[in-house]
Amino acid sequence: MSNIDPAIEREYNNRALVPEHPAIFARWRSDAAAFRARADAEWDVRYGAEERQRLDLFHAANPRGTVVFIHGGYWRSLDKADFSFVAAPFVANGLSVAAFNYRLCPAVGVAEIIADCQAALAWLLANGRAHGLALDRVALTGHSAGGHLVAMLFATDWASRGIDASVIAGGAALSCVSDLEPLLTCSMNADLRLDAPTARAVSPIHHPCRLAVPLYLAVGAEESAAFHEQTRQLQRAWPATCEVAEEVTGCNHFTVLDDFVRVESKGFRFVKGLFD
């Protein structure tokens, strides 16, 4: 790609900024496998006909609500199975968890990935009770690209789709991308295949928030200036919704997720509080 801006590329290349990321990913996979081995769960439940249109359901004993988790990977990598560890503390606190997979770039575009997550949530709201989930309250959470997808679910006009989204109590978007236009000059756009109009159309900051519930935002203190600005942009765009924006001390783009699953963390307590 001839239009790559080296300065922007550095700001958004999180794996290069965190050279120890292979060890973090390996730990995540190990922790995920350990929890999957003992969890009361349903694997690969289909919400659509495509191979990756599946979700995992982790069941809590006597559940009082459901937490959705959407993984990151810049819309082009990783899998829900890599993140099963996220469900563990929620299940231990009486909250079931639904972990979404979605199709990946470059096989599809970002707009199709948003549509996958909309379809997954619609399926969950319509069918979750038949799978033993408590749906009186639902929280939407995600990390990185998953945080972007959570924000786009907040921007979805559910009523026009005939879906009652009143059970959604709030959510959390960690290190989210709220404006995709800077990615036009990053090498990853070879896979994302964004142009300026498409990037704007899939950027949460250019849409009104449709859910009148709180969205917690967090960014690692050690993340790039670009990711700090991405968080500030969403807070500026949706001031009534994004009432809490936290800079998590000592965390990078990946370990901010580790902080989130600590039961004493501000993010975990925020989400848990949506059900209290």
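A salt bridge here is a side-chain nitrogen of Lys or Arg within 4 Å of a carboxyl oxygen of Asp or Glu. You're working with a predicted model, where local features need pLDDT of at least 70, side-chain atom pairs count only at pLDDT 80 or more, and totals for chains, interfaces and linings use all residues. Residues are numbered from 1 along each chain as its sequence is written, and side-chain values use heavy atoms, with hydrogens and water left out.

**Exercise 1. Find the partner of Arg76 in a salt bridge, and say where the two residues sit.**

Step 1: Look around the side chain of Arg76. Its salt-bridge partner is Asp191, and the closest N and O atoms are 3.0 Å apart.

Step 2: Helices (H or I, at least four residues) and strands (E, at least two) are DSSP runs, numbered from the N terminus. Arg76 belongs to the loop between strand 3 (66–70) and helix 4 (87–92), while Asp191 is in helix 7 (residues 189–192).

Step 3: Check accessibility. Buried means under 20% relative accessible area, exposed over 50%, and partly exposed in between (1.4 Å probe, protein chains only). Arg76 comes out at 33%, so it counts as partly exposed. Asp191 has 23%, so it is partly exposed too.

**Exercise 2. Work through other salt bridges: how many does the whole structure hold, and which residues form a network?**

Step 1: Start with the total. A search of the whole structure turns up 18 salt bridges. Side chains of opposite charge can pair when their charged atoms come close.

Step 2: Glu229 is partly exposed at 27% relative accessibility, and Arg236 is exposed at 52%.

Step 3: Now take Asp136. Its side chain meets that of Arg129 in a salt bridge (3.5 Å, N to O). Asp136 has a relative accessible area of 60%, so it is exposed.

Step 4: Pick out the network. Salt bridges link Arg36, Asp44, Asp56 and Lys80.

**Exercise 3. Is Thr156 buried or exposed, and what does its side chain reach?**

Step 1: Locate Thr156. You'll find it in the loop between helix 6 (145–154) and strand 6 (168–174).

Step 2: Read its accessibility. At 4%, Thr156 counts as buried.

Step 3: List its polar contacts. A polar contact is a pair of N or O atoms within 3.5 Å; within protein, one must be able to donate a hydrogen and the other to accept it, and residues adjacent in sequence count only if both atoms are side-chain atoms. The Thr156 side chain has such a contact with the side chain of Gln118 at 2.9 Å, and it also reaches the backbone oxygen of Met152 at 2.8 Å.

Step 4: Widen the view to contacts (heavy atoms within 4.5 Å). Leaving out residues up to four places away in sequence, Thr156 touches Gln118, Arg161 and Arg210.

**Exercise 4. Track down a cis peptide bond and another positive phi.**

Step 1: Go to Cys105 and Pro106. The peptide bond joining them is cis, with omega about 5°. Pro106 falls in the loop between strand 4 (96–100) and helix 5 (110–127).

Step 2: Move on to Arg193. Although it isn't a glycine, Arg193 has a positive phi of about 60°. Its place is in the loop between helix 7 and helix 8 (196–201).
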